[in-house]
Amino acid sequence: MKNASKIIAKMGILPVLLLLIIVLSIASPYFLQWSNLINILHQVSITAIIGVGMTFVILTGGIDLSVGAIVALSGLTMAVTHKYFYSLDLAPVPKVLLGIVVPILLAVLAALAMGLINGVMVSVGKVPAFIMTFGMMNMARGCAYIISDSNTISVFPDAIRWLGNGKVFGVLPVPIVIAMVLVLIVAWVLKYTKFGRYVYALGSNREALRLSGVNIKRVEIAVYMISAFVCSIGAIVLIGKLNVAQPVAGDGYEMDAIAAAIIGGTSIYGGEGNVIGTFIGAILVGTIRNGLNLLNVSPSVQPVVIGAAIVLAVFYDKMKSQKKTKRSE
């Protein structure tokens, strides 16, 4: 019995997802259709991508409320510069370089700059992560409106649209492949590198990590920059999906990313969790929404269900944390 409970604990949220799939397949004849399953993966891809960065932050005991706004500003940085460079007539320079590669690099740099500010203010300035990232959320969103003049920018090259709507081998959507590759890379980094061990230690025992000689400020700054970096990836994929960049893009993404990470088993107190769980958590949240839509449940009910799932996940995490504390005593 104990061995069985240990196995279930290691599986994390996966049994819940499997049970949900079974229930929805019985409740709706359309749920298990291949097109619907692919649609779920397509819809959750950006949440999974952003959730990777959010997992890093939460593992350190922090939070990043600015991810949605960073998606908007990063995406508009790419869109504005793409529109500008494509209007230039520089014959020796390929338009694919000026119109695609340079704007993408600028979008990444813009996101990294915001992540750097978050990290420095949280780690060096000692501003609480909640307050700092909440402030950055408003600043980045405001800047998105300023650089776009509150307008949307549309019509992008096929290469960009392929990142959002293309398919690998004609089957899997490119966004979910990007998310899966990113998750596997980050899972390896967290498990097998010194930096990964420092991230976990920063959330579980900050003082011990400091006493061991590790520069915890650098680690913390790097974590927020990673969170911002994956936001730039999410922004590019989002533009590819919608073929439009707009200042309202990414609204609410921070809640989806936090939900995916926490429901996926990342402890809100830091030091415990992994990106595989976050990936499964993103699929679980997407499956719930898809199932509610198939069952013709009002869209206004969906936030209630997702919110309840987050509360239950945090409550379970709290109970687990208290049990560990009692055992250590």
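Select Arg 210 first: with a relative accessible area of 43%, Arg 210 is partly exposed, a class that lies between buried (under 20% relative accessible area) and exposed (over 50%), judged with a 1.4 Å probe and protein chains only. The model is a predicted one, in which local features need pLDDT of at least 70 and side-chain atom pairs count only at pLDDT 80 or more, while totals for chains, interfaces and linings use all residues. Residues are numbered from 1 along each chain as its sequence is written, and side-chain values use heavy atoms, with hydrogens and water left out.

**Salt bridges**

Glu 207 is partly exposed, at a relative accessible area of 40%. Both residues belong to helix α10 (residues 206-211), and because they are 3 residues apart there, about one helical turn separates them. Helices (H or I, at least four residues) and strands (E, at least two) are DSSP runs, numbered from the N terminus.

In the whole structure, a search finds 4 salt bridges. For another of them, select Arg 161 and Asp 158, whose closest N and O atoms are 2.1 Å apart. Helix α7 (residues 158-165) holds both partners, 3 residues apart, or about one turn of the helix. Arg 161 is partly exposed, with a relative accessible area of 29%, whereas Asp 158 is exposed, at 57%.

Next, select Arg 289 and Asp 256. This salt bridge has its closest N and O atoms 2.9 Å apart. The pair links distant parts of the chain, with Arg 289 in helix α13 and Asp 256 in helix α12 (residues 253-263), 33 residues apart. Arg 289 counts as partly exposed at 29% relative accessibility; Asp 256, by contrast, is buried, with a relative accessible area of 14%.

**The second largest pocket**

Colour the contributing helices: α3 (34-59), α11 (216-242), α12 and α13 each supply at least two lining residues.

Pockets and cavities are found on a 1 Å grid over the protein atoms alone: a pocket is an open set of points with protein on both sides within 12 Å along at least five of seven lines, a cavity is a set of points where a 1.4 Å probe fits but cannot get out, and lining residues have an atom within 4 Å of a point. Grid points are joined across faces, edges and corners, and a volume is the space filled by probe spheres set on the points.

**Asn 290**

Move to Asn 290, in helix α13 (residues 275-294). Is this residue buried or exposed? Asn 290 counts as buried, because its relative accessibility is 10%. Leaving aside neighbours within four places in sequence, Asn 290 is in contact (heavy atoms within 4.5 Å) with Phe 31, Asn 36, Asn 39 and Ile 40.

**The largest cavity**

The structure holds 2 cavities of 30 Å³ or more, and the largest has a volume of about 60 Å³. To outline the largest cavity, select its lining residues, among them Val 71, Leu 76, Leu 238, Val 244 and Gln 246. At least two residues of this lining come from each of α4 (67-86), α11 and β4 (244-245).

**A nonpolar surface patch**

Show the surface over Leu 116, Ile 117, Val 120, Met 121 and Val 124, which form a nonpolar patch with about 360 Å² of accessible area together. Patches are made of residues with over 30% relative accessible area and no salt bridge, like charges being joined within 9 Å and nonpolar side chains (Val, Leu, Ile, Met, Phe, Trp, Tyr) within 5 Å. Accessible areas come from the Shrake-Rupley method with a 1.4 Å probe; for residues, only the protein chains shown count as cover.

**Two positive phi angles**

Select Lys 126, in the loop between α5 and α6 (129-148). Its phi is near 60°, a positive value in a residue other than glycine, and Lys 126 is exposed at 58% relative accessible area. Finish at Asn 296, in the loop between α13 and α14 (302-328). Asn 296 is not a glycine, yet has a positive phi of about 60°; at 71% relative accessibility, Asn 296 counts as exposed.

Key. A salt bridge is a side-chain nitrogen of Lys or Arg within 4 Å of a carboxyl oxygen of Asp or Glu.
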